[in-house]
Amino acid sequence: PAYVVYWLIRKEPERMLRLQSGCFDKWPRLFHSVPSTWTACVEGASTLMELIPEFFDLSDVGDWLHNRLGVTPAEGPLESVELPPWARNPQDLILKMRGALESEYVSQHLHLWIDLIFGCKQNGAAALEARNLFHPVCYAPQELAANGKVKGIYGELPVHVLEAQVREFGQVPRQLFLEPHPARRVIPKWPLEKLRKEESMAQPWYVAAESLTAEEAPPDAPTP
């Protein structure tokens with residue numbers, strides 16, 4: 001989607017060129033600053049973004065925030081991304097973002113996010129009350145109509161219209177839960193020093209899950 005391309009313009013500029021038919025987006029719409037993007041998301045009515053995994057990946061050390069490729073739109077070369085005042089450098093930003101993601105507060109409220117994205121507050125009256133509604137075209141289609149068009153809560157639309165919507169703005173996932181999701185029972189501690197010093201803490205979650213599965217498997221069991 002366009003917002004993923006927005007974040008990664010310094011690392012993968014070719015994706016924006018493909019999305020924008022060979023050109024970079026207008027200068028004001030490029031990613032220049034974490035504080036200004038935060039302000040636009042919080043105060044603007046039309047800026048809807050989610051953070052990408054790179055904001056929490058300790059193995060990446062934030063290289064994607066530097067313009068190491070020399071990306072140069074028509075208005076001039078992009079500088080490195082402006083960081084918030086509480087981050088000393090890109091590595092410090094990623095470390096603190098990961099610490100916040102794994103914090104006790106986030107773990108205690110994780111089920112509320114699940115309700116919004118996959119659960120009982122994804123659509124309908126509960127979504128309206130939670131101010132969690134998006135354009136009708138963003139919702140997953142229900143079925144393919146006999147005339148070849150996709151049929152959903154928005155009516156019938158040609159497939160290419162929905163494909164363009166998904167490609168540029170993303171899509172709301174299918175609803176998985178109809179009742180409020182239970183809160184997390186076990187909340188492990190993730191101190192910043194442990195995140196900084198232990199290499200295993202920098203691995204993506206699925207790498208840690210694979211290692212745990214291997215440790216628990218009997219000696220003669222095949223490796224997953």
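**Figure 1. Salt bridges across the predicted model.** The structure shown is a predicted model. A search of the whole structure finds six salt bridges. Side chains of opposite charge can pair when their charged atoms come close.

**Figure 2. Asp92 and Lys96 pair within helix α4.** Helix α4 covers residues 90–101 and holds both Asp92 and Lys96. The two residues are four positions apart, about one turn of the helix. Their side chains meet in a salt bridge, with 3.0 Å from N to O. Asp92 has 3% relative accessibility, so Asp92 counts as buried. Lys96 reaches 28% and therefore counts as partly exposed. Arg88 also belongs to this view: Arg88, Asp92 and Lys96 are linked in a network of salt bridges.

**Figure 3. Arg98 and Glu102 form a buried pair.** A salt bridge joins Arg98 to Glu102. The closest N and O atoms are 3.3 Å apart. Arg98 is buried. Glu102 is buried too.

**Figure 4. Asp63 bridges to Arg68.** In this salt bridge, 3.4 Å separates the closest N and O atoms. Asp63 counts as partly exposed because its relative accessibility is 35%. Arg68, at 60% relative accessibility, counts as exposed. The cut-off for exposed is over 50%.

**Figure 5. A nonpolar patch on the surface includes Tyr105.** The patch is formed by Leu101, Tyr105 and Val106. Together these residues have about 280 Å² of accessible area. Tyr105 sits in helix α5, which spans residues 104–117. Tyr105 counts as exposed because its relative accessibility is 58%.

**Figure 6. The second largest pocket and its lining.** This pocket has a volume of about 460 Å³. The lining comprises 19 residues. Tyr3, Tyr6, Asp25, Arg29 and Met49 lie nearest the centre of the pocket. By residue class, the lining of the second largest pocket divides into ten nonpolar, six polar and three charged residues.

Note on methods:
Residues numbered from 1 in each chain as written. Predicted model: local features only at pLDDT ≥ 70, side-chain atom pairs only at ≥ 80, totals over all residues. Heavy atoms only, no water. 1 Å grid on protein atoms, 1.4 Å probe; cavity = no way out; pocket = protein on both sides within 12 Å on 5 of 7 lines; lining within 4 Å. Points joined across faces, edges and corners; volume = space filled by probe spheres on them. Nonpolar A, V, L, I, M, F, W, Y, C, P; charged D, E, K, R; others polar. Patch = residues over 30% accessible without salt bridge, like charges linked within 9 Å, V, L, I, M, F, W, Y side chains within 5 Å. Areas by Shrake-Rupley, 256 points an atom, 1.4 Å probe, with all protein chains shown as cover. Salt bridge = Lys/Arg side-chain N within 4 Å of Asp/Glu carboxyl O. Buried < 20%, exposed > 50% of the residue type's maximum accessible area, 1.4 Å probe, protein only.
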